[in-house]
Every structure is written in structure tokens, then in C-alpha cells.
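Reader: Please take one part of this model and look at it closely. Then go on to other parts, in short sentences.

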Amino acid sequence: MKILEPILKKHLSNIPSSKRFFDLINNYISEVKTLTPISKNTNLVVGKILNFQKVPNSKKLNLVTVDLGKKIVKIVCGANNLAKNRKVIVSSQGSFLAGLNSILQNKTICGIFSEGMICALDELGFDPSILTEEEKAGIFLFEDPDDRIPLGSDALIPLGMDGFILELGVTPNRADLLSYFGFAKDLKAVLKSNPCYQDDQTKVFEEPQTKKFFNSLLTLPKVCFSVVIESKACYEYNACMLENIKIKPSPLWLRNTLLQSDIKPINNVVDITNLILLKYGIPLHAFDSQKIKEIKVRQAFNQEIITTLNQNVFQLDQNDLVITDGIKPIALAGIVGLLESGIKENTQKIILEAAYFLPVTIAKTSQKLKIKTQSSLRFERGIDPDLIPLALMHACDLLVSLADAKITSQPIRQKKQVLKPKVLDLNLAFVKSKTGIAFSLTQTQNWLSNLDYQVLSTKSDNLKLSAPLRRYDIKIKENVVADLVRLYGYHNVINIKTTKSPQAQMTLKQKNIRELKKILVNLGFYETVTYSLISAEMFEAFSYQKERIKITNPLSQDKVILRQSLLSSLVEVLSQQHKRQAFDNAFFEISKVYYLQEEILSLGLALSGKFLNSGWLKQDVNNSFFVLKGLIEKISTFLGIQLTFQKSTDNSNLHPGIQAKILYNNQVIGMIGKTHPLLNEKHHLKDSFLCEFLLLNDFLTQKNQVLYQPISKFPVITRDLSFLIEKKYHFFDIIQTIKSNLSFDLVDCQLFDVYQTNEEQQLSLALRFTFSNPYKNLQNAEIDKNLAQIITTLIQNYQITIR
């Protein structure tokens with residue numbers, strides 16, 4: 001929110017100096033982002049042209065006699081729009097002109113000494129986009145038929161460019177600070193509550209004089225159109241009809257005020273509604289009322305189509321609120337006007353509305369349609385209902401003076417519901433327990449009254465009070481305590497050093513997770529951190545249960561459901577990489593997955609391209625199912641668990657012939673596999689490999705003991721064994737059988753060759769056995785005996801045939 005001093009002065013007199021003002025706002029109200037002058041121009045005064053005559057030997061230059069109030073100067077000027085008795089902007093020796101970015105020096109022109117310069121607006125740094133063609137043509141001429149601008153006075157004042165511009169860092173809970181009126185009320189409370197300022201006249205609060213104007217309208221005939229409120233989301237609706245409207249540019253001060261507030265000037269009618277928005281925080285809307293005989297506020301129909309002022313088309317449903325002419329919508333309530341009822345250049349008759357809409361209704365529609373406007377921002381956070389009639393009347397008053405409007409009928413007001421203030425109980429002992437500050441009962445009552453709280457009753461140190469309607473942030477008694485501390489001054493709160501707490505120690509689970517991450521990084525993986533929310537499409541691709549946890553009001557359609565698998569997110573990460581031609585990837589993520597009754601920590605892995613790029617050696621290792629399986633076995637060794645793999649075809653997004661379930665104690669805890677070609681095509685992937693398994697609490701809370709075993713001093717002996725076996729047997733079972741019948745001397749068994757025989761039902765396997773004894777040299781007879789025992793076991797269990 002930006003606060004301009006010229007506008008603030010209309011609500012608060014005798015504003016403190018910039019330095020005091022800066023400290024006051026920072027210490028008692030809100031963070032000040034910036035406090036800078038509105039204009040960099042200096043030493044500009046108002047003068048009046050007395051006469052002018054041509055400079056000899058010059059076609060364009062004139063010698064102008066200008067009255068500056070205390071003196072008369074002669075200035076050489078080349079403008080072609082000079083006019084006698086018109087007031088102008090005059091800069092003199094030493095003036096800084098922002099548009100020229102230079103300091104003016106008086107000089108002799110065509111042999112005549114010029115005592116300054118008569119300025120055009122572009123020379124002062126005005127944005128050309130807000131200037132009329134007449135204002136761009138030459139020097140600026142003030143419109144002052146009533147002679148209200150004193151000669152010799154600061155020229156920035158009638159331009160609305162004097163003083164400072166304050167940018168507030170308004171937090172979402174302080175909707176009352178989104179207006180000059182609300183800010184001035186809060187500043188007034190601070191000044192009245194602060195002993196350093198209590199005698200200062202800045203405490204005087206000035207409200208715009210609109211009551212007299214309002215009373216004059218009550219004598220007019222009743223309005224010729226009706227207002228009907230059908231929706232419970234509309235508490236109040238005010239409207240006034242204005243005729244004889246003349247659409248034209250706003251006065252320069254108004255255009256500049258809006259531009260400084262980051263609002264683009266449009267025309268006098270729209271600019272006035274925007275000015276009221278800034279001053280009171282009350283959004284107004286003007287309809288071209290040529291054909292409007294009735295205004296009806298209702299819920300939208302399902303699939304009702306609207307076209308906004310900027311020609312965007314939206315489809316509504318029954319949860320949205322619209323303003324209609326009795327038949328079709330003319331505005332999306334509290335958010336934006338519609339094209340058909342918008343103000344046009346030939347508009348002569350308007351209906352001006354001011355209403356109160358339920359904040360949650362506006363917020364939901366704004367979020368759903370992704371429309372953010374200054375109006376929706378204020379309605380979402382809540383407006384002050386007490387200011388609605390005042391804002392409407394002030395806008396009507398401005399339209400009469402700036403748009404030549406005529407009001408021929410009384411304003412109309414429909415009020416269906418009354419917003420009631422929040423009633424809270426506050427105990428001074430509670431305040432002290434929260435803040436350490438002993439507030440007296442009288443001090444508390446006075447300060448809260450300054451903030452427009454109503455103290456309903458007091459008993460001992462207990463107060464029953466109600467918050468002002470504009471303060472939507474006051475919901476619990478702690479919010480009231482925060483207001484008291486704010487008026488006390490955050491900078492006055494005494495800092496108390498707390499005793500140093502003992503340094504927190506990591507749990508065993510946290511240590512194991514950290515070590516697991518280190519191992520994965522050392523293996524060449526990069527860690528990813530992704531959103532827990534995914535799209536419905538990705539949920540269906542990788543999920544263990546069909547029951548889903550869906551967000552009621554998602555931020556976007558690709559973040560709707562809490563994921564049950566990390567693979568959904570890792571596929572999207574790989575897709576982003578492959579689209580950017582980065583094919584060699586190794587990612588992991590350790591994060592939670594979510595089910596209806598619980599959330600569990602999970603480990604996800606994703607590989608693609610090359611696992612090892614050897615460069616000029618040309619000995620690259622490509623990622624594969626078995627590379628990933630080997631990495632899982634490395635992880636399981638660190639965790640001290642035994643994982644097994646079971647061939648599967650359950651997941652349709654993994655290759656049916658290259659996927660497996662991961663089991664722990666015969667329970668499925670994860671999956672591994674190669675991405676399906678259809679998934680690759682859909683997400684622009686090259687062949688990739690995915691794995692995920694749950695990190696059960698038992699895995700991470702057990703302390704693994706490392707057993708030391710010295711290297712044998714005696715040589716190892718290897719024997720190779722090649723045999724035929726039917727394909728129905730699993731290699732995992734074969735290895736487990738061998739290990740379960742191990743002799744003490746067999747230390748390793750590796751598969752080094754697989755061969756498909758002509759018979760489709762058989763495979764040829766070649767195993768390499770490694771024997772060693774830590775206490776003696778093994779003899780050939782002992783090795784042969786051990787190998788014979790292994791062969792006998794394999795024949796009995798798998799009917800192998802030795803090759």
C-alpha cells in the first residue's frame with residue numbers, strides 16, 4: 001500500500017516530519033518499505049503571465065513577464081501556447097528538473113538575460129502516457145478560475161506532487177491498512193496513545209465533509225430502478241443514479257495520484273472510483289445504466305458465460321456471485337465488471353454501486369478463475385461496512401464536480417444482514433503473562449478506545465470488549481494483546497536473555513537418514529525435493545491404494561492430491577531433464593507418502609542414460625535394471641536388512657517384462673522396474689529405471705553393528721561349475737539354496753555366464769565358487785568334497801544337468 005502525503009493530509013492534519021513519521025510507522029503500525037519524496041523537482045513556484053512579446057531576430061522565442069508574487073521576472077520562452085493572466089510553473093536559478101535530470105542555470109538567450117524557465121510537464125518528469133495532447137503541446141497552464149492558487153507558492157502542491165510517498169509492508173491480516181482512511185485512524189490512535197505526541201495537533205482527525213451533500217439528496221424523488229438481493233453472500237447493496245455524465249480525462253492531480261499508486265488512469269468516472277478505493281478501501285463500480293431498470297444480486301447459474309472488461313471469457317457455477325440487470329450478468333460481484341455494461345466514451349448515465357459481499361465467496365471465485373484485482377483483494381480481506389455509504393456519497397460528490405454529473409433521485413440502500421462485531425474477554429493478568437508488561441486498567445481502556453474498540457464492561461481486571469468492524473484480524477484475545485503491545489511500541493519491549501538450552505541431539509533415525517543420503521550422493525545420485533501434491537493423472541500412474549487425499553481448494557490443477565508414491569514426482573523431474581536434452585541422470589528423494597490413515601517415509605530412485613561416463617576410455621556403464629538392483633542391495637546392506645525381489649507385471653507404467661516387487665519379510669514394500677514405452681512417449685522420456693521402497697521405522701531406528709573380520713593369510717581357490725536348469729526355477733532360490741548349505745570354506749558365489757539352449761525350457765548357468773579358510777591352506781580333496789556336496793544339493797532340488 002502506498003500512502004501519498006497530499007491525500008493523507010485530507011484525513012490528518014499537521015503530519016509529523018519525515019524522520020519522525022518514518023520511526024512512528026515502523027515502531028507502532030507496520031513495516032515501512034520506503035519513504036521518499038513524490039517528486040525530485042525542487043524550487044518550483046507558481047507564477048502568472050502578465051504579458052509577452054517577440055524576441056528580436058527570433059521566430060519562436062518570446063520575452064515573458066511573469067509575476068511571482070513577491071517579484072516580477074522576465075523569462076525567455078519558446079512555447080507556442082502562452083496566454084496572458086494564466087498561471088504557470090516557474091523554475092529559477094538552482095532548480096532541479098527531474099525530466100531533464102539537470103539543475104537550471106540562468107543564462108543569456110539572443111542577447112536577453114532569462115531569469116528562469118517556464119516549465120512543461122515532461123520537463124518535470126511526468127509520464128507522457130497520462131498527459132493529454134494539450135498538456136504535451138507546450139508549457140503547463142493551471143486551471144484556476146477562482147484564483148485559489150497563490151502566486152509564489154510551491155507549484156508541486158496544486159500538482160499533487162508535494163511531500164512524501166510512503167510504501168507500507170502490509171501483512172494479509174491488516175486489511176484496514178489498505179486505505180488512507182484506515183491508515184489515518186490507526187495513526188491517530190498511535191498519536192493519542194503515545195506520551196511524546198499527546199500535545200501535538202497531529203492527533204486531530206478530519207473526515208471528508210459529505211454529510212451535507214448526502215442530506216441534500218434526501219429531498220430528491222425516489223429512484224426509478226429497483227434493487228433485489230437474492231444471495232446470502234450479499235449483506236448490503238447501495239446504488240445511486242447519475243445523469244448528464246461527461247466522460248473526459250481526470251484532473252492532473254488525480255491522474256498523478258493514481259499513477260503513483262500503481263493504478264493506470266482511464267477516465268474521470270473510473271479514476272474517481274479508484275480514488276475512493278484508495279481513500280476508503282471500499283471498491284465501487286460504475287455501470288452504464290442506459291438500459292438497466294433493475295439490479296439483482298444472485299448466485300450464478302451453472303455454466304453461465306460472462307465476458308469481462310478486458311474481453312476474457314469465463315464459465316461460472318452456482319458458487320459464484322454476480323450482479324445482473326434482472327436477466328443477464330453485468331458484473332462479477334466484488335471482482336470485475338463485464339464488457340456490455342462498461343463505461344464508454346459516449347456514456348451519459350451511470351449507476352454507481354457500493355456493496356458488502358461475503359469475503360470467502362469473493363476469495364473462492366477469484367482463486368478459481370485466477371482473477372486478481374484491487375477490488376477482489378479488499379473484498380477478500382474484508383472492508384469496513386461503516387464506510388460504504390460515506391464512500392458512495394464522496395464519489396457522487398466528486399462526479400458532480402469533475403464529470404458535471406447531475407443526481408435527480410435519491411440513493412437506494414438495501415441491507416439484508418448486519419455484520420456483528422466480535423466480543424472478547426480480556427484479563428490484565430493474561431496480558432502480563434504473555435508480554436511481561438503490567439498495563440493498568442485505565443491505560444488499557446484508553447488505548448483500546450483509541451483503536452475504536454468498544455469496552456462493554458469492566459470488572460476488577462477483566463474487560464469485555466468488541467473489536468471495530470474494520471478489524472477482521474481480531475478473532476482471539478491474543479490479537480487484542482498484540483494491539484496493546486503495538487501501541488506500547490515494539491522498540492520499548494525489554495529484551496530478556498533466556499538461559500541457553502542444551503544443544504539438541506539428533507535422533508538415531510535422523511542420523512541414519514543423513515548417512516543414507518551421504519551414501520547415495522557418494523554413489524553418484526543428486527537429491528531432489530519435490531511437492532507432495534501431484535495431479536490426478538500422476539496419482540493414477542503410481543499409487544498403492546485407490547483411496548486418495550484430495551485438496552479442497554488447490555492452488556492449481558497439477559497440485560490436487562497428496563501423493564502415495566515418490567515415483568510420480570521423479571518421473572516429472574526426469575521429463576524436465578530429458579526435454580532439455582540432459583539424459584544422464586541419477587536422482588533420489590527421501591520424503592513422505594500419504595495414505596488415509598498414515599504417512600510413511602519413502603525412498604525413491606530414478607536412473608537414465610549412463611551411470612558411468614568414462615570419457616576417452618570408451619568403457620561407459622549404462623543404467624539398467626541390474627545396476628539399479630545392485631544399488632538397492634548396497635542400500636539394504638547399510639540398513640542391515642535383507643530385501644528380496646519378486647517378478648511382477650502389476651504396474652502398467654513399468655515394462656511388463658522388466659519389473660519386480662521389493663519384499664521385506666515376505667511383505668511388499670516397494671517396486672523396481674524399467675519405464676513402459678507408453679509412459680516414455682507421454683512424458684518425453686528416454687528409457688529410464690525407477691525404484692521406490694518404504695523406509696519403515698524399524699529400518700532407521702536400529703543401530704547396526706559393524707563386525708571386523710581380518711583378511712585371510714591363506715590363498716583363495718576358485719572353481720567353476722556350468723549346468724543346465726529348467727527356466728521355471730528362479731536364480732534367487734538357487735543362490736539361497738547354495739548359501740543355506742554352505743560349508744564354512746565357501747565365501748562367495750557369483751554368476752558369470754547365462755546361455756539360452758536350443759531347448760526353450762532350459763538355461764545354461766555358469767557359477768564361480770570362491771573357497772578360503774582363515775586358519776589353514778585348503779587341499780584339493782577338501783575343495784572337491786565341498787563342490788560335490790553343492791552339486792548333489794542342486795540335483796536334488798532343481799534336477800540340474802552338469803555340462
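**A loop residue, then beyond**

Author: Lys291 is exposed, with a relative accessible area of 75%. Exposed means over 50% relative accessible area, buried means under 20%, and partly exposed is in between (1.4 Å probe, protein chains only). The model is predicted: local features need pLDDT of at least 70, side-chain atom pairs count only at pLDDT 80 or more, and totals for chains, interfaces and linings use all residues. Residues are numbered from 1 along each chain as its sequence is written, and side-chain values use heavy atoms, leaving out hydrogens and water.

Lys291 sits in the loop between β15 (284-288) and β16 (294-299). Strands (E, at least two residues) and helices (H or I, at least four) are DSSP runs, numbered from the N terminus. Ser341 is 50 residues from Lys291 in sequence. In space, C-alpha to C-alpha, Lys291 and Ser341 are 9.2 Å apart.

Now the cysteines. Cys396 is buried, with a relative accessible area of 0%. Cys749 is also buried, at 18%. The whole structure has zero disulfides, a disulfide being a pair of cysteine sulfur atoms within 2.5 Å. For Cys396, the nearest cysteine sulfur belongs to Cys240, 3.8 Å away.

Next, helix α2 (residues 18-28). Its buried residues are Phe21, Leu24, Ile25 and Tyr28. They lie on the same side of α2, because they cover an arc of only 100° around the axis. That arc is taken from the directions from the helix axis to the C-beta atoms. The buried residues of α2 pack against α1 (5-8), β2 (31-37), β12 (164-169), α5 (180-193) and α14 (477-488). Contact here means heavy atoms within 4.5 Å.

An unreviewed UniProt entry carries the annotation "domain: B5" for residues 419-495. Such annotations may be inferred rather than shown by experiment. The span is 39% helix and 21% strand. Its end C-alpha atoms lie 40 Å apart.

Strands β25 (residues 454-459) and β26 (residues 462-466) run antiparallel, joined by five bridges. Two strands pair if DSSP finds at least two bridges between them. Gln454 has Ser466 in β26 as its bridge partner. Two residues separate the strands, and Ser460 in the turn has a positive phi of about 55°.

Last, the domains. An automatic or database assignment sets the bounds. Among them are domain 3 (211-415), domain 4 (422-492) and domain 6 (717-802). The C-alpha centres of domain 4 and domain 6 lie 83 Å apart.
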